[in-house]
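User: I am new to this structure and would like to learn how to read it. Please take me through its features one at a time.

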Amino acid sequence: MSKSAIIIGASSGIGLELAKLLSERGYLLGIAARRVDLLETHASGDPRVKLVRQMDLTEPKSAGVLEEMIGSLESVDLVVISSGTGHLNPDLAWKPEAETIETNVTGFARLAVTAMRAFEKQGHGHLVGISSVAALRGAAEAPAYGASKAFMSRYLQGLHFRAKRSGLPIRVTDVRPGFVDTAMMKADKPFWVATPAKAAAQIVEAIESGRRIVYVSRRWALIDWLLRYLPE
Ligand SMILES: NC(=O)c1ccc[n+]([C@@H]2O[C@H](COP(=O)([O-])OP(=O)(O)OC[C@H]3O[C@@H](n4cnc5c(N)ncnc54)[C@H](OP(=O)(O)O)[C@@H]3O)[C@@H](O)[C@H]2O)c1
């Protein structure tokens, strides 16, 4: 029987590349995001995409959309939450900070809880969240972004401990990309930039080997180590 996966944030970037790769690996797919036209265009060329749903993480009804997707697939092996947002905000305006928190914190947690509850009910599953190396240290020009990614990583860790305690075969993976060449990459001088295809390939490898934490690309683990010891 084919495995099934739901990818939230599959309209562009890393999520879209993950949809392509998981399809090649034989997964049946449900994909979601706000730009449903982009999702439909992708689905029209891929018969393994069985569900396309419009979903806005900032809306409470997104939980119901995910529940309905899981129900339609009957059982889901993998849920990837790739959706996220972030803004360079040198003026410290409230709107971009609030949007980041609503999407990456409240929206993310709402869907992570929905996926975990479904996994516990069906007795298995794998949750993947796309956090960031930005989780490791506050950023002067995007304070909400780094803080929201730290929330994601810590939340995923909590869910991992919960899964272990349950004794059920439920896995939780925290993906921490460095720079990936997508619309989200907003740095002035990015370095070690990965293509979305390379990032997706490393994420799929991490999913298949059941990794807990993965840096994309791998050398960003060095930056993690450095940031732990750099003074503020
Ligand atoms: N690119 C990087 O350098 C980098 C580095 C570290 C971490 N990340 C993380 O990687 C993830 C994917 O980003 P990306 O680089 O692939 O950029 P992207 O191409 O801009 O993708 C962002 C995805 O998030 C979705 N999204 C944003 N707001 C949403 C909302 N309110 N509701 C539902 N979906 C929403 C977008 O879909 P719609 O607009 O269609 O809704 C899109 O599919 C993000 O969580 C990002 O923080 C990226």
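User: What pattern does the chain follow, read along the sequence?

Analyst: This is a predicted model, in which local features need pLDDT of at least 70 and side-chain atom pairs count only at pLDDT 80 or more, while totals for chains, interfaces and linings use all residues. Residues are numbered from 1 along each chain as its sequence is written, and side-chain values use heavy atoms, with hydrogens and water left out. Helices (H or I, at least four residues) and strands (E, at least two) are DSSP runs, numbered from the N terminus. Here the pattern is β-α-β-α-β-α-β-α-β-α-β-α-β-α, with seven helices and seven strands.

User: How many residues are buried, as a share of the chain?

Analyst: Buried means under 20% relative accessible area, exposed over 50%, and partly exposed in between (1.4 Å probe, protein chains only). In this chain, buried residues make up 50% of the 232 residues.

User: What share of the contacts comes from residues 24 or more positions apart?

Analyst: A contact means heavy atoms within 4.5 Å. Among contacts in the chain with a separation of 6 or more, 63% are between residues 24 or more positions apart.

User: How many salt bridges does a search of the whole structure find?

Analyst: Side chains of opposite charge can pair when their charged atoms come close. A salt bridge is a side-chain nitrogen of Lys or Arg within 4 Å of a carboxyl oxygen of Asp or Glu. The search finds nine.

User: Where do lysine 20 and glutamate 17 lie?

Analyst: Both are in helix H1 (residues 13-24), three residues apart, about one turn of the helix. Lysine 20 is partly exposed because its relative accessibility is 34%, whereas glutamate 17, at 18%, counts as buried.

User: Which residue forms a salt bridge with glutamate 208?

Analyst: Arginine 25 does, with the closest N and O atoms 2.8 Å apart. This pair links distant parts of the chain, 183 residues apart: glutamate 208 is in helix H6 (residues 196-208) and arginine 25 in the loop between H1 and strand S2 (28-33). Glutamate 208 is partly exposed at 48% relative accessibility, and arginine 25 is partly exposed at 46%.

User: Which residues do salt bridges that share partners join into one network?

Analyst: The network consists of Asp174, Arg176, Asp224 and Arg228.
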